Amino acid sequence: MPELSQEDRKFQEIVKLYEQRDYAKAIEIGEEFTKKYSQNGAAWNLLGLSYKAAGNIAQAIRIFEFLIKSKSIPDSAMFHSNLGNTFMLIGRITEGISCFRKAIELEPDMINAIEALGLAYLETDQREEAARSFERVLKLDSNHQRSLYFLGNLYLTEQNWASAAKYLRKSNFGLSQSHYLECLLCLGQGKEFLNFYKKLSKRRVINPLVGGLVAHVQKLYERDVKNIFCDDAMNHIYVGRIEEEDGFSDKLANELIEYHRSNKNDYRSQSLLHNGSQSSGNLFLLDEPFATKLKFCIEKQVELYRSKFKDSEQGFLNHWPKSYELFGWLVSIKSGGNLDAHNHKEGWLSGSFYLSMPRSEGRGEDDGNIAFSYQGPKYPSGGRSSERRVVDVRPRDICMFPSSLFHETVPFKGNEERISFAFDVKPIN
Ligand SMILES: [Fe+2]
């Protein structure tokens, strides 16, 4: 075997650091390396990926943009695709789409870019284009686990349970198997549902999606099954406060709202939201003071939540994720609007921090509040309904709850917008 050059050896060292997730070191050595070997596109690319993984999105974008504009480094589909993925993280979907298209132009069978394009289309509700992208991936690789999952999910949102089941049962990616359980319930296959739930429990598949499904079956069908995620979600709702002195000033709150209104990131297509808008991407990743300060305050609140329920034996607390990220987005709703019932299948613990609420004058008792229920809005109810609990929330309240719990906002009237910052504690596998 030919001996590696010094350049190759050093490059392999950075690859290793990146694979070991030692991003700080990968960045340190990567910076030195790219100074010395400034024409090494793969090294620049890896440096960009390291910045992205370390959460320095602005620097990652600078590097990928430099790469695609460079005259001396040969263009590569990978650079465009990586830039697209970085844009997606902070909700710059339109720019993400252009990058993925360019990547596919350069490399028509690049599965990662085709799939990423499908996901970007989903964000902007271009569902047919999204389906075509995932189908194209499955044509290239019929057992592609991720695209099986995403295509199955598309059918789920159309409530086409039979087609969804066809794709989901073949995939082990993400929540595929849990969604398959959902299909069994919605197809009315009660016995198969209980049997498959037993199998998933044995495999210790614990997540909010399964938690929400089992809660629905427990409460509406009065089935005596143990819920491995949370058996008592209503009693695990917690309301706290984030005050100015906790480090999040009114000025920062206004900057956050201004950022949202300025439309610097794209709004996310959200069929559940009426007369409102929702930000795209993860706001915690923004290189803005409001993002870092709010992250600090919310991390503290999550710890408070855990200490409040430290004696609870619920699955989601006993099996708290070893590593997680905070994912945050803003929801603003105008008079007459609301957010329909849903739960957060990819979360663990969810919450909302209230920045602005309709004023109390002329406000109905529950207007703009948050309402909780065990009833999955899309699941068969057999004419029954679950208890519903409305929680009163005011500006600067923070309400946290197990992500399995279904929730919605109560419609309101008034000139003031209802603006809340929603977040999930999201496990990282
Ligand atoms: Fe929500």
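Leaving aside its neighbours within four places in sequence, which residues is Gly337 in contact with? They are His274, Asn275, Gly276 and Pro411, where two residues are in contact if their C-beta atoms, placed from the backbone, lie within 7 Å.

## Basis of the model

This is a predicted model, in which local features need pLDDT of at least 70, side-chain atom pairs count only at pLDDT 80 or more, and totals for chains, interfaces and linings use all residues. Residues are numbered from 1 along each chain as its sequence is written.

## Overall form

The protein chain has 16 helices and nine strands; helices (H or I, at least four residues) and strands (E, at least two) are DSSP runs, numbered from the N terminus. Its radius of gyration is 23 Å, close to the 22 Å that the globule rule gives for 429 residues, so the protein chain is as compact as a globular protein of that length. The radius is taken over C-alpha atoms, and the rule is 2.2 Å times the number of residues to the power 0.38.

Of the 429 residues in the protein chain, 43% are buried. A residue is buried if 20 or more other C-beta atoms lie within 10 Å of its own, exposed if 12 or fewer, and partly exposed in between, with C-beta atoms placed from the backbone.

## Domains

The domain assignment, which is automatic or from a database, gives domain 1 (6–155), domain 2 (163–228) and domain 3 (234–427). The centres of domain 1 and domain 2, taken over C-alpha atoms, are 34 Å apart. Eight residues of domain 1 are in contact with 11 residues of domain 2.

## Helix α1

Helix α1 (residues 6–19) has 14 residues and reaches 20 Å from its first C-alpha to its last, close to the 20 Å expected at 1.5 Å a residue; the expected span is 1.5 Å times one less than the number of residues. Its buried residues are Phe11, Ile14 and Leu17. Seen down the axis of α1, these fall within an arc of 115°, so they line one face of the helix; the arc is that of the directions from the helix axis to the C-beta atoms.

The buried residues of α1 pack against α2 (23–36) and α3 (41–53). The face turned away from the buried side carries the exposed residues Asp8, Arg9, Gln12, Lys16 and Glu19. Just after α1, Arg21 takes a positive phi of about 65°.

## Gly337

Gly337 is found in strand β3 (residues 324–339). Gly337 counts as partly exposed because it has 19 C-beta neighbours inside 10 Å.
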